[in-house]
Amino acid sequence: RDAGTVFHDITTGNNSVSGQAGFSAVTGYDPATGLGSVDANQLVTHWSDGVTTTSSSIAFTVAPSTSTYGRSVSFTASVTSASAAVTTGTVTFVDTTTSTTLSSNVALNSSGQASFSTTALNAGSHVIRASYNGSAYVLGSSVTTTINVSQANLTVTANNQTITYPATPSFTATITGFVNGDTAAVVGGTASFATNATRTNSEPNAGTWTITPSAGTLSAANY
């Protein structure tokens, strides 16, 4: 930075005191006034003078490349500049499909990598953007990758029923296999049921019979 540009140069006067000779102010640096007083506006304007910045690029990987809802997915951004690892600055990961910031300002390590893992991606296709936020000497950059997340499986199990003939059974089922803290509240619709029971007057006869459930109208976005 040009000192003459960002300082008010003091060129007159001296720092002599009674009985003691001092130094006189001159153009440029002098022992009496140094470089002068700071010109704040010029300092801001010329702050980056002489600073060289370089571009950056990102290699973006995801593992596994396809996943199932509830499984952990790891994202790694490797930042380089002029073929060398960039080890300063941070990376932010955004799911552009849902406009959700997945992880922000993840610091680059000594290998120039920033990583994070999540189990929170809903079923569907997601375009994930990794953005290097830049540093004093390296410009920011961004890149995207796509990951497809399939629905997870649930298990529908018929609940045992005990009735006395003649009676009409009321079939129910228990649903298991939820992940990410989900409960049966995320499921809509009802299960269907079939039985091998023989009947008299449309009622199951006495005996032990099998209840077989099926999905029926059950549905859930992530299952």
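Two strands count as paired if DSSP finds at least two bridges between them; strands here are DSSP E runs of at least two residues, numbered from the N terminus. The model is predicted, so local features need pLDDT of at least 70 and side-chain atom pairs count only at pLDDT 80 or more, while totals for chains, interfaces and linings use all residues. Residues are numbered from 1 along each chain as its sequence is written, and side-chain values use heavy atoms, leaving out hydrogens and water.

Five bridges join the antiparallel strands β7 and β10. Within this pair, V94 stands opposite R129 of β10. Both strands belong to an open sheet of five with mixed pairing, ordered β4-β11-β10-β7-β8. At its edges stand β4 (66–68) and β8 (100–107), each with a single partner strand, so one side of each has no neighbour in the sheet.

The largest nonpolar core has 26 residues, of which F60, F75, V91, F93, Y132 and I147 touch the most other members. Such a core is a set of buried Ala, Val, Leu, Ile, Met, Phe, Trp, Tyr and Cys residues joined through side-chain atoms within 4.5 Å; buried means under 20% relative accessible area, exposed over 50%, and partly exposed in between (1.4 Å probe, protein chains only). Among the elements giving two or more residues to this core are β3 (57–63), β7 (90–95) and β11 (141–150). The largest share, four residues, comes from β5. Contacts of V91 (heavy atoms within 4.5 Å), not counting residues up to four places away in sequence, include A77, L108 and Y132.

S170 lies in the loop between β12 (155–158) and β13 (173–176). S170 is exposed, with a relative accessible area of 52%.
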